[in-house]
Amino acid sequence: MRVRRVVEWALTLAAAIAFILAFEAEIAQPFRVPTSSMEPSLACAKPGVGCTASFNDRVLVAKIVYRFRGPERGEIAVFHAPLAARRLCSEGGTYLKRVIGLPGDVVSERDGVAYVDGRRLQEAYVRPGYRDSLTQTWPRLGAGQYFVMGDNRVDSCDSRTWGPVSRSAFVGPVVATYWPPTRLTVR
């Protein structure tokens with residue numbers, strides 16, 4: 001009887017672990033916000049440069065979403081950074097940024113304000129103190145290319161520095177902030 005109970009518990013535990021691993025691999029995955037590039041929308045912890053919070057935000061990324069559609073303008077997305085990001089920003093790996101430009105768009109910035117195809121974007125998520133003073137226009141995005149920017153434009157190494165992100169590099173959109181509890185948000 002005791003052996004049977006141990007086997008049942010072991011199988012239950014193994015099934016739970018398999019479910020969690022499959023869920024994370026295929027459906028959704030947690031990420032930690034490592035830098036201040038998305039402040040104040042997503043916060044990182046002091047004493048990090050530009051960080052304002054006591055704890056790094058933890059977000060949930062819906063990996064399954066990008067199996068059915070591409071990134072959409074205005075959403076915060078997680079993606080694998082292009083190789084140029086490591087070279088030009090001293091960081092590689094996984095990034096969180098806001099999608100600004102879609103395939104076929106021409107993205108420009110005038111005195112820190114983003115424009116797409118000559119029309120100003122309404123970006124309530126970028127506070128005045130977080131805007132830079134850059135004025136530049138980037139080449140038209142090709143098929144499967146996206147332009148991403150951090151909400152903290154003063155302290156974000158993004159497509160303005162290393163160019164567009166390919167569709168295949170995207171992991172998924174941020175759908176919720178789950179930690180710390182005081183910053184719980186569903187997007």
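Q: Which residue forms a salt bridge with aspartate 132, and how far apart are the closest N and O atoms?

A: A salt bridge is read from the distance between a side-chain nitrogen of Lys or Arg and a carboxyl oxygen of Asp or Glu, which must be within 4 Å. In this predicted model, the partner of aspartate 132 is arginine 160, and the closest N and O atoms are 2.5 Å apart.

Q: Are aspartate 132 and arginine 160 buried or exposed?

A: Both aspartate 132 and arginine 160 are buried. Salt bridges with shared partners also join these two residues with Glu109 and Asp158 into one network.

Q: How many salt bridges are there, and which residue pairs with aspartate 105?

A: The count comes to 10 salt bridges. Aspartate 105 pairs with arginine 73, with 2.8 Å between the closest N and O atoms. This pair links distant parts of the chain, 32 residues apart: aspartate 105 is in the loop between strands 4 and 5, and arginine 73 is in the loop between strands 2 and 3. Aspartate 105 counts as buried at 8% relative accessibility, whereas arginine 73 is partly exposed at 35%. Another salt bridge joins glutamate 123 and arginine 131 at 3.6 Å, N to O; glutamate 123 is buried, with a relative accessible area of 5%.

Q: Where does the charged end of arginine 98 sit?

A: The charged end of arginine 98 sits over the ring of tyrosine 125, 3.6 Å from the ring centre. Likewise, the charged end of arginine 110 sits over the ring of tyrosine 115, at 3.9 Å from its centre.

Q: How many aromatic pairs does a search of the whole structure find, and why is the pair of phenylalanine 79 and phenylalanine 170 classed as it is?

A: The search finds eight aromatic pairs. The ring centres of phenylalanine 79 and phenylalanine 170 are 5.6 Å apart and the planes stand at 50°, so this pair is tilted. It links strand 3, which holds phenylalanine 79, with strand 11, which holds phenylalanine 170, across 91 residues. Phenylalanine 79 is buried, at 0% relative accessible area, and phenylalanine 170 counts as buried at 7%.

Q: What is the geometry of the rings of tyrosine 146 and phenylalanine 170?

A: Their centres are 5.3 Å apart with planes at 75°, so the pair is edge-to-face. Tyrosine 146, in strand 9, is 24 residues from phenylalanine 170. Ring pairs link these residues into a cluster that includes Tyr66, Tyr95 and Trp162.

Note on methods:
Residues numbered from 1 in each chain as written. Predicted model: local features only at pLDDT ≥ 70, side-chain atom pairs only at ≥ 80, totals over all residues. Heavy atoms only, no water. Phe/Tyr/Trp six-rings, centres within 6.5 Å; stacked < 30°, edge-to-face > 60°. Helix = DSSP H or I, 4+ residues; strand = E, 2+ residues; numbered from the N terminus. Buried < 20%, exposed > 50% of the residue type's maximum accessible area, 1.4 Å probe, protein only. Lys NZ or Arg CZ within 6 Å of the ring centre and 35° of its normal.
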